[in-house]
Amino acid sequence: MPTNTSPVDEGQPAVRLVASCRLPTPWAVFELHGFEEIASGREHVALTLGEVSDGAPVLARMHSECLTGDALYSLRCDCGAQLEAALAAIAAEGRGVLLYLRQEGRGIGLLNKIRAYRLQDAGADTVEANHQLGLAADLRTYEAAAEMFALLGVSRLRLMTNNPRKIRALEERGIEIAERMPLQIQPNPHNAGYLRTKATRLGHLLTAAGSLDESAP
């Protein structure tokens, strides 16, 4: 059961649990938990399935909001496919947590993301496009995520990610990563360059480099 205190930060909590409810989905009936960052008012959610606060490592995913990929079925990224794969994996296991973090466009926001897409249409990769806008390649932070896990009673994860930065960020905040679970999606002609940039410029752990060719099916 969620608690009201966080072991991650001995000071004032930065996140509070607001409300929970059932959420039927095509994969399973999850529990949906709404969280609020106290200082900023930014809202995030977590989906849980089964008993997650028993101390055993929990299959988990930290997923940053991607309106274009998650809701509009964009093929420019792998976000929507990763979200569905993570929910399916948790449902198959019968136990797990998915955090949905409101950090659109790696933290640059939706409108800047559209601006960056336009620069990508002109030939920039995702990192170059952000830099041309005067923005960092990745502005996401994970303090709130660590507190959300703690409020759910979760301290040990089998984390579905290809991003070593997420692992480091959680470990620095007291969350144990018992295992990294790769979450790699088959490239398509629209996102092969995006995935190659993730691997070569952002350090994501993507295997089979040959599959990142622009002509991938």
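Trainee: Is arginine 102 buried, partly exposed or exposed?

Mentor: In this predicted model, arginine 102 is partly exposed, with a relative accessible area of 37%.

Trainee: What does arginine 102 form with glutamate 65, and how far apart are the closest N and O atoms?

Mentor: The general idea is that side chains of opposite charge can pair when their charged atoms come close. Here glutamate 65 and arginine 102 form a salt bridge in which the closest N and O atoms are 3.0 Å apart. The pair links distant parts of the chain, since glutamate 65 lies in the loop between β4 (58–64) and α1 (67–71), while arginine 102 lies in the loop between β5 (96–101) and α3 (110–121), 37 residues apart.

Trainee: How many salt bridges does the structure hold, and which residue pairs with arginine 76?

Mentor: The structure holds 13 salt bridges. Arginine 76 pairs with aspartate 121, with 3.1 Å between the closest N and O atoms; this pair also links distant parts of the chain, arginine 76 being in the loop between α1 and α2 (79–93) and aspartate 121 in helix α3, 45 residues apart. Arginine 76 counts as partly exposed at 27% relative accessibility, whereas aspartate 121 is exposed, with a relative accessible area of 58%.

Trainee: Where in the chain are arginine 173 and glutamate 143?

Mentor: Arginine 173 and glutamate 143 form a salt bridge whose closest N and O atoms are 3.0 Å apart. Arginine 173 sits in the loop between α6 (164–172) and β7 (176–181), and glutamate 143 belongs to helix α5 (residues 143–151), so that the pair links parts of the chain 30 residues apart. Both partners are partly exposed, arginine 173 with a relative accessible area of 22% and glutamate 143 with one of 40%. Elsewhere, salt bridges that share partners join Glu93, Arg158 and Glu179 into one network.

Trainee: Turning to the sheet, in what order do the strands lie?

Mentor: As a general point, strands of a sheet pair through backbone hydrogen bonds, either parallel or antiparallel. In this model 7 strands form an open sheet in the order β1-β2-β3-β5-β4-β6-β7, and the pairing is mixed. The edge strands are β1 (15–24) and β7, each of which pairs on one side only, and the twist averages 25° from one strand to the next. Helix α6 packs on this sheet, touching β4, β6 (156–160) and β7, and the direction of α6 makes about 165° with that of β7.

Trainee: Which way do β3 and β4 run relative to β5, parallel or antiparallel?

Mentor: Strand β3 (residues 43–49) and β5 run antiparallel and are joined by 5 bridges, with threonine 48 opposite valine 97 and alanine 46 opposite leucine 99. By contrast, β4 and β5 run parallel, and 5 bridges join them; in this pairing histidine 63 stands opposite tyrosine 100.

Trainee: Which residues of β5 point one way, and which the other way?

Mentor: In a regular strand the side chains alternate between the two faces of the sheet. In β5, Gly96, Leu98 and Tyr100 point one way and Val97, Leu99 and Leu101 the other way, and all are buried. Because 6 of the 6 residues of β5 are buried, the strand is largely enclosed by the rest of the structure.

Trainee: Which residues make the nonpolar surface patch?

Mentor: Leu67, Leu72, Leu110, Leu111 and Ile114 make a nonpolar surface patch of about 450 Å², to which α3 gives the most, with 3 residues. Leucine 111, found in helix α3, is exposed, with a relative accessible area of 58%.

Trainee: Finally, which residues of α7 are buried, and what covers them?

Mentor: In helix α7 (residues 192–201), the buried residues are Ala192, Gly193, Tyr194, Leu195, Thr197 and Lys198, and what covers them includes α2 and α4 (126–132). Helix α7 is followed by glycine 203, whose phi is positive, near 75°. Threonine 207 is found in the segment after α7 and counts as exposed at 53% relative accessibility; the C-alpha atoms of threonine 207 and arginine 196 are separated by 10 Å, the two residues being 11 residues apart along the chain.

Definitions and conventions: Residues are numbered from 1 along each chain as its sequence is written. This is a predicted model: local features need pLDDT of at least 70, side-chain atom pairs count only at pLDDT 80 or more; totals for chains, interfaces and linings use all residues. Side-chain values use heavy atoms; hydrogens and water are left out. A salt bridge is a side-chain nitrogen of Lys or Arg within 4 Å of a carboxyl oxygen of Asp or Glu. Helices (H or I, at least four residues) and strands (E, at least two) are DSSP runs, numbered from the N terminus. Buried means under 20% relative accessible area, exposed over 50%, partly exposed in between (1.4 Å probe, protein chains only). Patches are made of residues with over 30% relative accessible area and no salt bridge: like charges are joined within 9 Å, nonpolar side chains (Val, Leu, Ile, Met, Phe, Trp, Tyr) within 5 Å. Accessible areas come from the Shrake-Rupley method with a 1.4 Å probe; for residues, only the protein chains shown count as cover. Two strands pair if DSSP finds at least two bridges between them. Axes are lines fitted to C-alpha atoms, for helices over the stretch in contact, and angles run from 0 to 180 degrees between N-to-C directions. Contact means heavy atoms within 4.5 Å.
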